[in-house]
Amino acid sequence: MTRAQSGELATKRDQAGLEKLARVRGDKAIARALRILERRAQAPGFVMGDAVTCGSFFRLRLGAEVREHFEVAFLNRKNRPIAVERLFSGTIDRADVSPRIVVQRALALNAAAAIVAHNHPSGCPEPSEADRLLTIQLRNVLRMVDVTLLDHFVITATGAVSLAARGSC
């Protein structure tokens, strides 16, 4: 190996090391942001009452995921979080959601309302027909036990789409 080739290899190795360090630092920053977000969500007076707050909340939790996940924020009568739980995880393009499990958790937590969210790892924020049908199904089964479905968010790394804002909740 020539000196030039050796230097080029070292430069590539250094670049790869810097990229890995940047990813690690980025992951640590995201983890810190999530801890701050969790503390704020548990602070007295935190309300999940508008689409921007809720979209940002779930975007931090789900935006960087490479598999599809489905989470639910269970809320009290004043739209304050009782719990936020990841109930289902799937593959790169789907997560099977059981409305029965969502209802069970809502009742166990004595929730008055719920906001659901799932991510699209593909980066496409548009809700699918399956997303819209799931929203209707969840709204109907939760209503049967006096729990209001306030919104369903589709999350990507770059944004959040509210199905309620589009008239689907």
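Two strands pair if DSSP finds at least two bridges between them. Helices (H or I, at least four residues) and strands (E, at least two) are DSSP runs, numbered from the N terminus.

Now the ground rules. This is a predicted model: local features need pLDDT of at least 70, side-chain atom pairs count only at pLDDT 80 or more, and totals for chains, interfaces and linings use all residues. Residues are numbered from 1 along each chain as its sequence is written, and side-chain values use heavy atoms, with hydrogens and water left out.

Start at the end of the sheet. Ile155 stands opposite Ala160 in β5. Phe153 faces Ser162, also in β5. Strand β5 covers residues 160-162, and three bridges join it to β4 in the antiparallel sense. Four residues sit between β4 and β5, and the two strands form a hairpin.

What is the strand order of the sheet? It reads β2-β1-β3-β4-β5, an open sheet of five strands with mixed pairing. The edges are β2 (81-89) and β5, each pairing on one side only. Neighbouring strands are turned by 20° against each other on average, direction ignored. For angles, axes are lines fitted to C-alpha atoms, for helices over the stretch in contact, and angles run from 0 to 180 degrees between N-to-C directions.

Next, β4 itself. Six of the eight residues of this strand (148-155) are buried, so β4 is largely enclosed by the rest of the structure. Buried means under 20% relative accessible area, exposed over 50%, partly exposed in between (1.4 Å probe, protein chains only). On its other pairing, β4 runs parallel to β3 (113-119), with seven bridges. Ala113 stands opposite Thr148 there. Between β3 and β4 the chain goes through helix α4 (129-143), in a right-handed β-α-β crossover. Right-handed means this: with the strands pointing away from the viewer, the path from the first strand over the helix to the second runs clockwise.

On to β1 (69-75). Is this strand covered or open? Mostly covered: seven of its seven residues are buried. His69, Glu71, Ala73 and Leu75 point one way, while Phe70, Val72 and Phe74 point the other. β1 pairs antiparallel with β2 over seven bridges. There, Val72 has Glu85 as its bridge partner. The β1-β2 hairpin has five residues between the strands, and Asn79 takes a positive phi near 60°. β1 also pairs antiparallel with β3, over six bridges.

Last, the cores. A nonpolar core is a set of buried Ala, Val, Leu, Ile, Met, Phe, Trp, Tyr and Cys residues joined through side-chain atoms within 4.5 Å. The largest has 16 residues, and Phe70, Val72, Val102, Leu138 and Leu142 touch the most other members. β1, β2, α3 (99-108), β3 and α4 each supply at least two of its residues. Take Val102. Leaving aside neighbours within four places in sequence, its contacts (heavy atoms within 4.5 Å) include Phe70, Leu87, Val97 and Leu138. Apart from this core lies another, of 15 residues, among them Met48, Phe58, Ile115 and Phe153.
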